[in-house]
Amino acid sequence: MRPLTSQEREWIESYLNGSISPEAFEDLQDRMIENPVLRKAVRRYLSLDYHLQEGGSALEEATSAQRGVGDSQAATFKAHRSWPRTVWAAAASIAVLVVGLSFFLRESKASSATISAIHGPVQWTNSEGQTLDRLQPGTSLDHGLLESLLPESWIELTFQDASKLTLSGHSTLMVSVGKRKRLHLRKGSLSAEITAQPENRTMVLHTPTAELRVLGTRFDVVAQSDVTKLIVNEGRVHLKRLFDGSTAEISGGQQVVADIHDTQKPKVVPRGNARQVWQSDLAKEVTHGNWSTDFGKHAIGKLKKMVASGEINTDEGLAKYQEMLKMAAKKGHLKADAKSTSPGKGAKAVVVISLSKGTESPITVPADARFRIRGNLETSAVVEFGFTTYTTDGRFAGKLSTERTLHNLGEEGFDIEIALDTFLPRHPKFGAPVTGMEIRDWWCATRDQQAHMVITHVELLTTSP
């Protein structure tokens, strides 16, 4: 593989740290489309970057060896990821806001969006760097960074052409409203109903791994640092995967995933038949919380000794490592992670899991639904449990929650069932029965972080045949 040029390295690093300009981002995409060698190199960097953020040190080592990333290249990017994660996230957000908005503001100041509904802690940082956390219906927003801060948070924006979008859960969205709507979903969940747009002014939505172009449609998108999932409910959306420029057209009733680990063309598939039962795969479905497994640590240590002694070679060790990770996924737990409710107002300890990450089929609510949850607490605490619903045609339909007082039961932990009829909607806009609606995510939270809550199992049950 030829070495990367200094310009190419600069583009990649600025993309990873969130400071790349829209112009440079387009140049990087054009260069990758023309050059398959560069595409391969970028995919390696993105994969390594993802694991440096999300994985343990042993996983980083295994991933680097498996992907063939050179030691000097890995060291370069590992060094800039050595900052504390909270500091890094703040720096990246500021960089994106400053660079991105300077471009957007040059393009247009023609119109704005209005908050039509809001619930829970939501924060807006405008183009002048002012942060507002007391938002209310009727407030106009044009250029800035919108952050939905907690699992129960959501905000609905209505544009002047009657298009609507809803940002939900832990989500961050850069908004620019002008002659052309430009959005950048850095992370989280977004649901949109976009009216017909002029052909020369398609709405553009960027995520860390994809670009979406929309003329008029209804769709939902979930974005993380390494993967984007798009569900189209009506109309069509054009998707371009950023690291290699591959494209797909997604029509109503279809979905697609843009993943930095996937070297094949994005596969468009039907949503599949709805199911009314679900059992969590915590390691795969977690979107907020710290996954841990002692089994995995033991397996990694054992493999290192086997490779060091010559009992197995590196390739055999990596294969065994992947097998052990699958076994470890069934023997671990999610530890609740602190999430600020708003600046200076404390935090919740939160676990969030995404049902849509584990299956292509929608999970809908049966009439006799109940959740079974297993976990543990170090001290007694009031725990909030909740979930997010969508209508069968893909519209955001609100969030429901309930509370339980749980106690430290020693190593045995708690094992509880909560019936559907004990969950209540938290906003008057959504009061209809939720039977038959789709569940997209589930969460639990405690304000007492000293309770050290962990979750080991979540399941949706029904007695219906």
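The structure is a predicted model, in which local features need pLDDT of at least 70 and side-chain atom pairs count only at pLDDT 80 or more, while totals for chains, interfaces and linings use all residues. Residues are numbered from 1 along each chain as its sequence is written, and side-chain values use heavy atoms, with hydrogens and water left out. The chain has 465 residues, with nine helices and 28 strands.

**Overall make-up**

- Helices (H or I, at least four residues) and strands (E, at least two) are DSSP runs, numbered from the N terminus.
- Of the 465 residues, 52% count as buried; buried means under 20% relative accessible area, exposed means over 50%, and partly exposed lies in between (1.4 Å probe, protein chains only).
- The accessible surface of the chain comes to about 21200 Å², and carbon and sulfur atoms hold 50% of that area; the areas come from the Shrake-Rupley method with a 1.4 Å probe, and for residues only the protein chains shown count as cover.
- A contact means heavy atoms within 4.5 Å. Among the contacts in the chain with a separation of 6 or more, 63% are between residues 24 or more positions apart.

- Strand 8 covers residues 182-194 and is mostly covered, since ten of its 13 residues are buried.
- Two strands pair if DSSP finds at least two bridges between them.
- Strand 7 (residues 164-176) runs antiparallel to strand 8, and ten bridges join the two. A hairpin of five residues connects strand 7 to strand 8, and Lys164 has Glu193 in strand 8 as its bridge partner.
- Strand 9 (residues 203-206) pairs with strand 8 in the parallel sense over three bridges. Here Leu183 stands opposite Leu205 of strand 9.
- Strand 11 (residues 217-223) is antiparallel to strand 8, with seven bridges between them. In this pairing Ser189 stands opposite Val222 of strand 11.
- In a regular strand the side chains alternate between the two faces of the sheet.

**Two residues of local interest**

- His143 belongs to strand 5 (residues 143-148) and counts as buried because its relative accessibility is 3%.
- The side chains of His143 and Ser176 make a polar contact at 2.9 Å. Such a contact is a pair of N or O atoms within 3.5 Å; within protein, one must be able to donate a hydrogen and the other to accept it, and residues adjacent in sequence count only if both atoms are side-chain atoms.
- Ala162 lies in the loop between strand 6 (154-159) and strand 7. Its phi is near 80°, a positive value in a residue other than glycine.
- Most residues other than glycine have a negative phi.
- Ala162 counts as partly exposed, because its relative accessibility is 49%.

**Salt bridges**

- The whole structure contains 14 salt bridges, each being a side-chain nitrogen of Lys or Arg within 4 Å of a carboxyl oxygen of Asp or Glu.
- Lys348 and Glu152 form a salt bridge whose closest N and O atoms are 2.7 Å apart. This pair links distant parts of the chain, with Lys348 in strand 21 (residues 347-354) and Glu152 in the loop between strand 5 and strand 6, 196 residues apart. Both Lys348 and Glu152 are buried.
- Glu438 and Arg271 meet through their side chains in a salt bridge (3.0 Å, N to O). Glu438 lies in strand 27 (residues 438-446) and Arg271 in the loop between strand 15 (269-270) and strand 16 (278-279), so the pair ties together parts that are 167 residues apart in sequence. Glu438 is buried at a relative accessible area of 5%, and Arg271 is buried at 13% relative accessibility.
- Arg370 forms a salt bridge with Glu417, with the closest N and O atoms 2.8 Å apart. Arg370 is in strand 22 (residues 370-376) and Glu417 in strand 25 (residues 414-419), so the pair ties together parts that are 47 residues apart in sequence. Arg370 counts as partly exposed at 24% relative accessibility, as does Glu417 at 45%.

**Confidence**

- The average pLDDT of the chain is 79, and 74% of the residues score at least 70; pLDDT is the predictor's confidence in each residue, from 0 to 100.
- Over residues 50-110 pLDDT stays under 50, and the model has 103 contacts beyond four places in sequence for them.
- Where pLDDT is low, the predicted coordinates should not be read in detail.
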